[in-house]
Number of protein chains: 2
Amino acid sequence: MGLERIFHAQSVAIVGASQDERKRGYQAILALRRCGFEGQVYPVHPKEESILGLPCYRSVLAIPGPVDLALITTPATTVPGLLEQCGQKGIGGAVVIAGGFGELGEKGRALQERLVQSARRHGVRVVGPNTSGIISVRRGLNLAGIADVPRGDIALLSQSGNMALHLITEAALKTQKGFSYYIGVGNEADIKFHEYLEFLAADPGTRAIVIYVEGLSDGRRFLQQAYLASRDKPIVLLKSGRSSKGRRSAGSHTGALAGISEVARTAFGRAGILTIENSDELFPATEALASLPPMRDKRVAILADGGGHATIAADVLTDHGIEIPELSKATRDRLRAVLPANAALRNPIDVAGGTDSDPGVFAACARILLEDPHIDGLLLVGLFGGYGIRFAERLKFIEEDAAHQMGKLVTETKKPLVVHSLYRFAKPHSLELLRYYGIPVYDSLDIACKCVSVLATYGHYLATHHQRTNFVLDWGAGAKKRGRALIDGALAEGRHVLLESEARELLRLHGAPVPPDALARTAEEAVRAAKRLRGPVALKVVSPQILHKSEAGGVRLGLETPAQVRSAFREIVRSAGRYDARAEIRGCLVAPMAPRGVETIIGTKLDAQFGPVILFGLGGILVEVLKDVSTRVLPISRNAARRMLGELKGADILGGYRGKPPVDKDALAGLLLAISELVQAYPEIQELDLNPVVAHARGATVVDARILLRRNGSNHVAR
Amino acid sequence: MGLERIFHAQSVAIVGASQDERKRGYQAILALRRCGFEGQVYPVHPKEESILGLPCYRSVLAIPGPVDLALITTPATTVPGLLEQCGQKGIGGAVVIAGGFGELGEKGRALQERLVQSARRHGVRVVGPNTSGIISVRRGLNLAGIADVPRGDIALLSQSGNMALHLITEAALKTQKGFSYYIGVGNEADIKFHEYLEFLAADPGTRAIVIYVEGLSDGRRFLQQAYLASRDKPIVLLKSGRSSKGRRSAGSHTGALAGISEVARTAFGRAGILTIENSDELFPATEALASLPPMRDKRVAILADGGGHATIAADVLTDHGIEIPELSKATRDRLRAVLPANAALRNPIDVAGGTDSDPGVFAACARILLEDPHIDGLLLVGLFGGYGIRFAERLKFIEEDAAHQMGKLVTETKKPLVVHSLYRFAKPHSLELLRYYGIPVYDSLDIACKCVSVLATYGHYLATHHQRTNFVLDWGAGAKKRGRALIDGALAEGRHVLLESEARELLRLHGAPVPPDALARTAEEAVRAAKRLRGPVALKVVSPQILHKSEAGGVRLGLETPAQVRSAFREIVRSAGRYDARAEIRGCLVAPMAPRGVETIIGTKLDAQFGPVILFGLGGILVEVLKDVSTRVLPISRNAARRMLGELKGADILGGYRGKPPVDKDALAGLLLAISELVQAYPEIQELDLNPVVAHARGATVVDARILLRRNGSNHVAR
């Protein structure tokens, strides 16, 4: 069922209604009235006759008409029973406020499971439990006890009631923006993050979505839904709980799988989510995205009436990857015509007193800059709005005229303008006017710069990423019959590690560049195999019981003559037998020696929130000491694979270092893609480890392969 | 001369006084009157009889009494002549507002040079030119045209008038703090940053110093003075102009050597300067340091009344390197006695509704936490100050009582408390009270966390750094007679590169571990030298003209037999002759082969602002591809040398990687110290390059050494 019946509810039962002003069951009824909710409100109370003038009912079953939604404010243990009644009554959804479920650990989880069962049995969809509530702002359906929520087009999804209050207060105090919905997601026992996202994506009254999240219960579904939604509506997210102490805090109050892993960063970006690190920037970034056109490219002009602000803005924008290009001669000539001789025209543009007697010059400059086809957006920094305060009263009206001009300029040029003003504190009318036109005005340079930055990031995403990636995260496609047989065979033997010979065969089936090899059961078979392979070979013990082959003396390298191969085989078998007398030795893998080149590492593992992820790094100290790896949630596109190679700190090594030829990046990217497909094809794979993969001028070679299978064998993401 | 006569001026001449309200020469007189300046003010004007009721003088020479200070507001070209008159009059200092000097490039620099000559001739000290002015707040000596500067104990040094206005506005609007002095340093033509610092360090009315800087003209003197000042007064600095576009902006308006190099970061830290990256955090950090005791260690408790804020605060503090330790059992027991059963006591502490009916519980918790000897500071986050607004009027008074208690607690425990409150916008009296006690209150979690962080950083600096470092930056001590002869000899020959044999000898003189070697002029001398050295040797061509020895075929390695040495010598001489027919070949250096170990690199160079700096890195890809180096302004202490080894990304390699023994870090640190002393001893050294230095389990060996001398031979820092 969709969530419309909850968020568009025409009738609400308040289970736990109260006469006590301090109780949620009283405040909720009052809030519905104050917010102008026009639907039916049914207080449910075992004894009272009426509350706030509304007749009470003994239970939801006693309510005469149909009921869309129940707000349940009673203690945790009563909830499963009450949901049964809601189901019998045919109620579509329930908002469960009580804590005391999954966030408390083992005991709470059992109660939460009962809650889910009761709800599912009757098709009652549940918001929460352990939620601060929901608000459908336009309808006055305020079930969250937050007063004075400004109406607008931003939807707010939060795992913290305090952060919701924080963002709503900020919007009301500092901006002209407001909210379409507030949703406290709580423990996500029934309705998950991605379902709310789906609802909001389809909601015509929502233009942007802002999310405060400390942990996700199903990261893959969230990503998929975000990917679909972000084409039309920007999604801005503050990811919290990244430190261990932050996770400790998050775990104690949301019960979510606390913390979001490192892979989230690129995954969020691919899904079009704009991730904010700094809580001060969360609402401003959302405001900018909800109000302004995104930038076509990342070339920004800075217009300033003094040095310091321009310098800081240039620094901060540069940190965000924004370009501050030199201006074209044509644009400089046009600026020169309206600015004094000592103005700096190099970008940042410093008007050098050119606006002191006429701040209307700002609008003239803004027009010149936004009309320049090589400029995608404008940041105005300094004192605009303060000329009428600081210099002369009459300048106020000139500033207001300039604000009108600049506001219309944004609509006309479809390019964004963001304003920093030291005088925002004084709330001059000119700055109110800018906000009327959707132009964000901040007194923080850092925040103004962040607004510019997210407009560039979102514009870039829309322009490039969506055309190329298809962020489908389903598993299961593309398994080969022989591959399935290999995996099923291992599992049938009770093994959770593929033999190296099996792993190599599976990789080859999916097109990975694994050199030919042979499983030799006797020394003579090994000699024959070595002969077929030509050149020096390596021998590695094959035994289901021996995972650490080197440790068991089970690896010999660089064997050139039949005699060397023969004696190596015997030594390996002897040594492996000493290492583990009960090990079943199936023979030795005979493989050619690795070619020369750059050693790299490719691996996959299962992330608790996002499922299978792939990792790429350079062998040796770069991975082992510097942890220099790039990661992606699977599957990946060829583009993503190429980008993974480039984002290593040591990426230059692949480009040819100290006179060596560059390695074959297409081959590496192709291998990453092959691994992506392989891991999707067999959900049983827990972990895959190719170490090393030697990359050379023409191609890449998998030298060692290890594949672990999942112990539970399920094809769901481990929780 | 000290700067007291400027900042404590009893009489001021306004050169460029005007009747025009829009002119600086009018506004300044008005500002002095409005700010209650009690000294003499002498307008200087060629024709007017009086301005604002004060009699005018035709020139400073016509003023009857003594004059301490002149404010010069006339155009740039008039300034040198006016300074001559000031000198004749015996005026102690002049504030020169006009731009049009060094910041304009070549032409302006000539005028600035004339300004300096005029000033120096008569001992007139000059602030600026190109300055927004100065304010001595307590005296009402306002020569900067900024109105309503709150009085207080923070001194403000700025290279941007706008940033000064920014900080002053912020202080006035948001805090109860104010300023002792504002100084617009301008182009630093005469008085430099470090002289202002020296003055402020000695000023009893200044408790903290905040600096906005885009470039320094004499970084070493600045560091030395900051080092002396920061023992008593925290110095907080926003370093701007770090991006190329930021430098472009800075260069166009301050004329300073734009941008501050990367070495500044550690150098500022060693001098006790607290560097702020984010302009929003500059004043708050200063407020915290000027008002609160620094932390003894970095263990902080977070007290919250809701989840989201606590989680974010934990994340941000962790990013700042702050510890959020688990609480002791004793403390948890005490907290349990005042908080409800479902409160989280693990730090972050969540009161879980325990303050809803009694926000006084915050004060009780604050006492328990600050009395814990394992907690060094407290961060309160959430809704404090808003209980009276949100829940019930009477709670206001309880909050006010709690504010009094918490304020006194800071004095009593000598531990800082920083407060984040969502309700700061409403200006509740309880939050005013906190500020009365010097407790900063912010509605930004990031800013509140930054305040905590700088208190920890400054406390740590005071506790540890000052005891161990002696940040003396003078050059010239410790030269050896033989070393001086080597350098003088090279310079006498017109050489600016020491021969490798000379470089090695110089290094050895200062105790660097350079293995014995010999300069062989003939093949037979080389054979004899190789015999003396035992083991395989390397031969390297010695020629003043050949800098790139390998390129010239001038290096042969691993020579074991006399025959090998002999033929290598001949081949080197032949090959070098082919490479450069005019090169004077002085022979070959015979040196033992490098031992096995970890290859490292040690170098020094001259930084334009900070003079000699040292660099340490690991050889190979880490330096070449990852630019993994640590740097310090010279001289360094043994501690700093040890820390340099530790701060490399690849530092673990020195600790013994892949089963290799750890290298001798004492030997490496000793070598860094020796190089520090050597470079100080000979100011002629432009650049020194030891590449590689092989570090092994016992000791380190300099394998290759190159020393470049300065072309101008001066012992001043290059500009």
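Predicted model: local features only at pLDDT ≥ 70, side-chain atom pairs only at ≥ 80, totals over all residues.

Strand β15 (residues 300-304) of chain A runs parallel to β17(A), and five bridges join the two. Strands (E, at least two residues) and helices (H or I, at least four) are DSSP runs, numbered from the N terminus; two strands pair if DSSP finds at least two bridges between them. β17(A) also pairs with β18(A) in the parallel sense, over three bridges. There A:L380 has A:V419 of β18(A) as its bridge partner.

Strand β17 (residues 377-381) of chain A is largely enclosed by the rest of the structure, because five of its five residues are buried. A residue is buried if 20 or more other C-beta atoms lie within 10 Å of its own, exposed if 12 or fewer, and partly exposed in between, with C-beta atoms placed from the backbone. In a regular strand the side chains alternate between the two faces of the sheet. A:G377, A:L379 and A:V381 point one way from β17(A), and A:L378 and A:L380 point the other way.

Two loop residues have positive phi values. A:K414, in the loop between α15 (395-413) and β18 (417-420) of chain A, has a phi of about 55 degrees although it is not a glycine. A:K414 is exposed, with 12 other C-beta atoms within 10 Å. In chain B, B:L52 has a phi near 50 degrees and is found in the loop between β3 (50-51) and β4 (54-55); with 14 C-beta neighbours inside 10 Å, B:L52 is partly exposed.

Chain B also contains cis peptide bonds. The bond from B:N347 to B:P348 is cis, with omega near 0 degrees, and B:P348 is in the loop between α12 (329-338) and β16 (349-350) of chain B. The bond from B:N691 to B:P692 is cis as well, with omega near 5 degrees, and B:P692 lies in strand β27 (residues 685-695) of chain B.

Note on methods:
Residues numbered from 1 in each chain as written. Chains lettered and ligands numbered in written order.
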